[in-house]
Amino acid sequence: MPKFSRVFLLLLLLNTLLFPGGNMLQKAIVKKDELRLLFSKNFNKKSVKHFTLSNPSREIYDFKNTRIAHSRVPLGLGPHVRLAQNKPDTVRVVITGYGTSKPLAYQPFFSNKSYHISLPKGSSRLPAKRYKKPHKKVTKKSTLTRSNRDKLIVIDAGHGGHDTGAIGGGKREKDLVLQISKRLERQLKKEGYSVYMTRRKDRFLKLPQRTKIADKKNAAIFISIHANSVPKRKRNKIHGVETFFLQKTRDAKSQRIAERENRAVLKGMNKLSRNVVIDSVLSGPKIVESNKLAIDVQRRIMTNLHTRYKGVKDGGVRHAPFWVLVGASRPSILVEVGYISHPTERKRLFTPRYQELMAKGIAEGVDIYLNNRKKEIDL
C-alpha cells in the first residue's frame, strides 16, 4: 500500500476514535453539472457553512462534524472541484469557475443522506479546453426548436380581476405577473414550445380554471407566476426571488407565503376537503419532477438577473402547499418573481429589462429541465 494511503487511513482511524458521533462522507460524484454528496447518516443542511473567497474567486462549503470515509472519495471530481479533510471534524469543498453565476445547494427531496451543489455549466463533460462547440450552431438550434413543438407549457398569471394580489407603492401584483407572463410566453415560443396562457387580460379565474387546463391540454409543465409581499414593518428588509413546488411544510415563512396566495382561490372549500385533496398528490412522481424543475428554473433566473443586477437575493427553491399547484398532474412550480413590498425591488420588477431577464431565466430553466428529462427517458 502506498505511503500516502497508509497515512490517510491512519488519520481516518484517529478521526473515528476522536469523533464517534460524526457523519461520514461516503461518496462524491459529478453528474449533470452537480456535485452529489452521499453521507452515512441523515444529513442536516444546517451543519454546512458556505462562504465565498476572492483572488481567485471560489465558493467554499465546510461540512462540520464530518469525515471522509475513504481515500477514493475526493478523486475524479473534475477541474472545478477540490474536496479534502480540512480539519479533523470538517470536510471542505472548494469550487471554482462560476463566473457571474452563483451555486445552488439543496437537499434532494426524499433523500435525507444526500446534498447536491450545482457546478459551473459543463462540469459533467470534459474540461473546457478539450471541449469543442458544434461548428454549425444555427443548424443544431433549429433542430432543437423543431423538436420542442410537441411540448405545451401552461403559464398561469396569478390573481386578476377583483383579486389584485399584493399592492406596494400603488403597484398591483396582478398587473406585474401578467406582464412577465407575456414576456415568458414570447421567450418559450422562441425556443419552439407551444404555450397556453390561463389569462391574457385582467380577469379573475377560479382554482379549477387555472389548474385543470394543464391536464385538458396535456401540457408538459404548469408554471404559476406571482409576486411576494411582507407587512410594512419588514418591507425594507425582505426581498429576493424564490421558486416553489408543492409540498407540506413546517417552515413559517413558506406557510405564510402559501396562505397569502391561497386566500383568494380557496373560498368555499373546508379544511377537511383541502387535506384529503393535498394528501392524495403528495406521494406521486409529480413532486420529485416538480422539485427538479424548480431547481433548474431558479438557477437560470438568478444567473440571468445577476448579469445586470448584482444585489438580487437568491431566495432558493422552497416547498409549500400552494393550491394552484395541486390540480395539475404534471411538473408544476410557482415562481415568486420578487417582493413588490420592497421599494428597490419593486422599481426593478416594473422595468422591461428586469422582466425580460426574469422571463428569459424561467424559459431557459424549462428548456434545461425538459432536455434532461428526455435524456433520462432515453437511457
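How many of the seven residues of strand 7 are buried? Six of them are, so strand 7 is mostly covered; buried here means under 20% relative accessible area, with exposed set at over 50% and partly exposed in between (1.4 Å probe, protein chains only). The model is a predicted one, with local features needing pLDDT of at least 70, side-chain atom pairs counting only at pLDDT 80 or more, and totals for chains, interfaces and linings using all residues. Residues are numbered from 1 along each chain as its sequence is written, and side-chain values use heavy atoms, with hydrogens and water left out.

Strands (E, at least two residues) and helices (H or I, at least four) are DSSP runs numbered from the N terminus, and two strands pair if DSSP finds at least two bridges between them. Strand 7 (residues 90–96) pairs with strand 6 (residues 81–87) in the antiparallel sense, over six bridges. The two form a hairpin with two residues between them. Across this pairing, leucine 83 stands opposite valine 93, and valine 81 faces isoleucine 95. Strand 7 is also joined to strand 4, by seven bridges and again antiparallel. There, arginine 92 in strand 7 has aspartate 62 opposite.

Elsewhere, five strands make up an open sheet with mixed pairing, in the order 5-1-2-9-8. Its edges are strand 5 (66–68) and strand 8 (105–106), each of which pairs on one side only. Within the sheet, strand 1 (residues 23–31) and strand 2 (residues 34–39) run antiparallel and share six bridges. Lysine 27 has leucine 38 in strand 2 as its bridge partner.

Next come the rings. The structure holds six aromatic pairs, where rings of Phe, Tyr and Trp (its six-membered ring) pair if their centres lie within 6.5 Å, and planes under 30 degrees apart count as stacked, over 60 as edge-to-face and the rest as tilted. One of the pairs is phenylalanine 63 with tyrosine 115, edge-to-face at 5.7 Å centre to centre and 80° between the planes. Phenylalanine 63 sits in strand 4 (residues 58–64) and tyrosine 115 in strand 9 (residues 114–118), so this pair ties together parts that are 52 residues apart in sequence. Both partners are tucked away: phenylalanine 63 is buried at a relative accessible area of 1%, and tyrosine 115 counts as buried at 7%. Tyrosine 309 and tyrosine 354 also pair edge-to-face, because their ring centres are 5.1 Å apart and their planes are at 70°. This pair links distant parts of the chain, 45 residues apart: tyrosine 309 is in the loop between helix 7 and strand 16 (314–320), and tyrosine 354 is in helix 9 (residues 352–378). Tyrosine 309 and tyrosine 354 are both buried. As for grouping, Phe39, Phe43, Phe63 and Tyr115 form one aromatic cluster.

Lysine 171 lies over the face of phenylalanine 350, 5.0 Å from the ring centre; the criterion is NZ of Lys or CZ of Arg within 6 Å of the ring centre and within 35 degrees of the ring normal.

What about the backbone? Asparagine 65 is not a glycine, yet has a positive phi of about 50°. Asparagine 65 belongs to the loop between strand 4 and strand 5 and is partly exposed, with a relative accessible area of 38%. Histidine 159, also not a glycine, has a positive phi of about 65°. Histidine 159 is in the loop between strand 10 (152–157) and strand 11 (167–168), but counts as buried at 5% relative accessibility. Strand 10 also contains isoleucine 153, which is buried at 0%. The C-alpha atoms of isoleucine 153 and methionine 197 are separated by 8.6 Å, with the two residues 44 apart along the chain.

Finally, the voids. A search of the whole structure turns up two cavities of 30 Å³ or more. A cavity is a set of points, on a 1 Å grid over the protein atoms alone, where a 1.4 Å probe fits but cannot get out, and lining residues have an atom within 4 Å of a point. The second largest cavity holds about 30 Å³ of space. Its lining consists of Lys102, Pro103, Leu104, Arg299, Met302, Thr303 and Asp314. Helix 7 (residues 285–305) supplies the largest share of that lining, three residues.

Methods
On a 1 Å grid over the protein atoms alone, a cavity is a set of points where a 1.4 Å probe fits but cannot get out, and a pocket is an open set with protein on both sides within 12 Å along at least five of seven lines; lining residues have an atom within 4 Å of a point. Grid points are joined across faces, edges and corners, and a volume is the space filled by probe spheres set on the points.
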